[in-house]
Amino acid sequence: MNLRIPGPTPCPDEVLEAGARQMLNHRGPEFAQVLRTVTDGLSWVFQTSDDIYSISASGTGGLETAVVNTLSPGDKVLSVSIGSFGDRFGSIAAAYGADVEKYALEWGDAADPAEIARRLDANPGIKTVLVTHNETSTGVTNDLETIAREVRARDRLILVDAVSSMSSIPCPVERWDLDVVVSGSQKGWMVAPGLAFIYMSPRAWEAYGNSTMPKFYFDVKRAKDSLAKGQNPWTPAMAVYFQLEKAFELMRAEGLEGIFSRHQAIGEYARERVRQLGLTLVPTDPARASDTVTAVWWPEGVDGKAISTRAREEFGVVLGGGQGKLQGKIFRIGHLGFVSKEDVQQAFDVVERLLADAKTAV
Ligand SMILES: *Cc1c(COP(=O)(O)O)cnc(C)c1O
């Protein structure tokens, strides 16, 4: 099967085998060793000398962690949304009582850093900006480096959803001066779902000190204090840690630059195939098209759902569909984590063939 949704993503055999290991005492020395190795690997990928906290939850739990540890009810927040995951980040903040101003773009567009700057200047009460690095629902990568520069120049906090970018495309949290950055294990990390990863800058820890949003399971201070003892505060998704230990061996062998250039080359290849097929990318600016997921409009009059079903049943290719208002209108091909050009090539070959069938059937 060629699983080409943008997460969960396939895992290498060695990773699957590593996860099949016997359980350990999660408060014992063997697991402490695993946790240290994994935490060091995470810091390497996030490009920081600080510890990254791993929390047993899906990516959304990581976003909730970012919100509840830095904000207080009533805080003014600018929620930048270019798709369904951006909307979700803002909804979490609203659910916990933040006063959310939305900067929502047409799906397919990237956020304009100058517009973010303008809104921050117009509203000095905004303390924090929420932004998605790579919007998985539309296949658009925001210019996070420039956005962060504008936010930081105005001394506001920037919380980043890097769930489908971190580990696949560059997101150096210290160099870009980001405050809270979240990722999730089932995207570009070559392991199963179950862990969220979170970076907290020194400024974010300062905000933690003032934050009054309710928190318990997702309290990062508990994660920090436990990590100092080689533990998680709660029983962790242990098998995913075993997998990650192996995944970091593979990632370190390839090197960060190698990983980034592989994703870039495969992203370019995917977009080239879209052009050759005469199809249209969902991203309106090709320069902002994602190197981890390619989102494509189904041509007018084509039953995309039927094609996806045939792709899965007859060829073992599992395409991603559209989310929210894009449902049935687009398909997405994930190319992050354990992926080769051949995987993406096969997926496009199948789409090409089924589209040709659909045309002759008309
Ligand atoms: C997958 C994803 C999430 C989190 O989704 P979960 O299902 O909770 O893991 C958040 N943001 C983005 C951009 C994602 O791609």
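## The largest pocket

The lining of the largest pocket is made up of seven charged residues, four polar ones and two nonpolar ones. The model is a predicted one. In total, 13 residues line this pocket. Nearest its centre lie Thr70, Lys127, Leu157, Ala207 and Asn210. Two elements each give two or more residues to the lining: strand S5 (126-132) and helix H7 (202-210). H7 gives the most, with four residues.

How much space lies in the largest pocket? The computed value is about 280 Å³. Rolling a probe the size of a water molecule over the atoms shows where empty space is left.

## A sheet of three strands

Strands of a sheet pair through backbone hydrogen bonds, in a parallel or an antiparallel way. Here, three strands form an open sheet, and the pairing is antiparallel. Their order is S11-S12-S14. Strand S11 (280-281) and strand S14 (330-334) each have a single partner strand, so they stand at the edges, with one side of each left without a neighbour in the sheet.

Look next at S11 and strand S12 (residues 293-297). They pair in the antiparallel sense over two bridges. Leu281 stands opposite Val296 in S12.

## Two helices that cross

Two packed helices are described by the angle between their axes and the distance between the axes. Take helix H3 (residues 59-70) and helix H4 (residues 84-95). Their axes come within 9 Å. The axes cross at roughly 45°, and H3 and H4 are therefore oblique to each other.

Is the crossing of H3 and H4 left-handed or right-handed? It is right-handed.

Terms used: Residues numbered from 1 in each chain as written. Predicted model: local features only at pLDDT ≥ 70, side-chain atom pairs only at ≥ 80, totals over all residues. Heavy atoms only, no water. 1 Å grid on protein atoms, 1.4 Å probe; cavity = no way out; pocket = protein on both sides within 12 Å on 5 of 7 lines; lining within 4 Å. Points joined across faces, edges and corners; volume = space filled by probe spheres on them. Nonpolar A, V, L, I, M, F, W, Y, C, P; charged D, E, K, R; others polar. Pairing = 2+ DSSP bridges. Axes fitted to C-alpha atoms, helices over the stretch in contact; angles between N-to-C directions. Parallel < 35°, antiparallel > 145°, perpendicular 65-115°, else oblique. Left-handed = near helix turned anticlockwise from the far one by under 90°.
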